[in-house]
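Biologist: I am new to this structure. Could you take me through its features one at a time, with the general idea before each case?

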Amino acid sequence: MAARLIAAIILLQTLFFKFSGAEESIYIFTKVGMEPWGRIGSGIGELIAAVLLLIPSTIWLGALMSLGIISGAILFHLTVLGIEVQGDGGQLFIYALLVFVCAFIALVIHRKQIPYIGS
């Protein structure tokens, strides 16, 4: 239960920055060549994933979506952005790793819910 809540809370917390057009979000998505649609699109994806993580019957889908979305964020940190973004001390990267680990744990715990695979 804690893993899915941690992932959902982090995903929901970052939405304010994406949807409000915070300077750091605009910088990140400009640097990876996806501003503004990547910022808005990833925000919508994260919102859907977080909600799915909170609904008992769709935890597996929210975890799978979270893994996909956050894998992209981790990849951009490792290839384009760097671990530290605008002097944040690596905080965004750490959050991304935390979401990845928590979503993975939630997916493993709820693997029996996955259609065709879990039953």
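Modeller: Gladly. Keep in mind that this is a predicted model. Let us begin with aromatic rings. Rings count as a pair if their centres lie within 6.5 Å. By this rule there is one aromatic pair.

Biologist: Why is the pair of Phe16 and Phe17 given the class it has?

Modeller: Look at the angle between the planes. Over 60 degrees counts as edge-to-face. The planes of Phe16 and Phe17 stand at 80 degrees, with the ring centres 5.4 Å apart, so the pair is edge-to-face.

Biologist: Is Phe16 buried or exposed?

Modeller: Exposed means over 50% relative accessible area, and buried means under 20%. Phe16 has 57%, so it is exposed. Phe17 has 36%, which makes Phe17 partly exposed.

Biologist: Next, the surface. Which residues form the nonpolar patch?

Modeller: For a patch, nonpolar side chains are joined within 5 Å. Here the members are Met1, Leu5, Ile9, Leu12, Phe19, Ile44, Leu47, Ile48, Val51, Leu54 and Ile55. Together they have about 930 Å² of accessible area.

Biologist: Which helix gives the largest share of that patch?

Modeller: That is α3, with five residues. Both α1 (2-20) and α3 (37-54) supply at least two residues each. Ile55 sits in the loop between α3 and α4 (59-81). Its relative accessibility is 36%, so Ile55 is partly exposed.

Biologist: Now the helices. How do I read the buried face of one?

Modeller: Start with the helix turn. An α-helix has 3.6 residues a turn, so residues three or four places apart point the same way. Now take α2 (23-31). Its buried residues are Ser25, Ile28 and Phe29. Seen down the helix axis, they fall within an arc of 90 degrees, so they line one face of α2.

Biologist: What do the buried residues of α2 pack against?

Modeller: They pack against α1, α3, α4 and α5. After α2 comes Gly33, which has a positive phi near 75 degrees.

Biologist: And which residues of α4 are buried?

Modeller: They are Ile59, Trp60, Gly62, Ala63, Ser66, Leu67, Ile70, Ile74, His77 and Leu81. These buried residues pack against α1, α2, α3 and α5 (91-109). Gly82 follows α4, and its phi is positive, near 90 degrees.

Biologist: Let us turn to charges. How many salt bridges are there?

Modeller: The test is a side-chain nitrogen of Lys or Arg within 4 Å of a carboxyl oxygen of Asp or Glu. It gives two salt bridges. In one, Lys18 meets Glu46, with the closest N and O atoms 3.2 Å apart. Lys18 lies in α1 and Glu46 in α3, so the pair ties together parts 28 residues apart in sequence.

Biologist: Are Lys18 and Glu46 buried or exposed?

Modeller: Lys18 has 10% relative accessibility and counts as buried. Glu46 has 5% and counts as buried.

Biologist: Which residue pair makes the salt bridge with an N to O distance of 2.9 Å?

Modeller: That one joins the side chains of Glu35 and Arg39. Glu35 is partly exposed, at 27% relative accessible area. Arg39 is buried, at 8%.

Biologist: Which residues does Ser42 contact beyond its neighbours within four places in sequence?

Modeller: A contact needs heavy atoms within 4.5 Å. Ser42 is in contact with Lys18 and Phe29. Ser42 belongs to α3. Its relative accessibility is 18%, so Ser42 is buried.

Biologist: You mentioned positive phi at two glycines. Where is Gln86, and what is its phi?

Modeller: Gln86 is in the loop between α4 and α5. Its phi is positive, about 50 degrees, although Gln86 is not a glycine. Gln86 is partly exposed, with 42% relative accessibility.

Biologist: And what about Tyr116?

Modeller: Tyr116 is not a glycine, yet its phi is positive, about 70 degrees. Tyr116 lies in the segment after α5. At 83% relative accessibility, Tyr116 is exposed.

Note on methods. Residues numbered from 1 in each chain as written. Heavy atoms only, no water. Phe/Tyr/Trp six-rings, centres within 6.5 Å; stacked < 30°, edge-to-face > 60°. Buried < 20%, exposed > 50% of the residue type's maximum accessible area, 1.4 Å probe, protein only. Patch = residues over 30% accessible without salt bridge, like charges linked within 9 Å, V, L, I, M, F, W, Y side chains within 5 Å. Areas by Shrake-Rupley, 256 points an atom, 1.4 Å probe, with all protein chains shown as cover. Helix = DSSP H or I, 4+ residues; strand = E, 2+ residues; numbered from the N terminus. Arc of directions from axis to C-beta.
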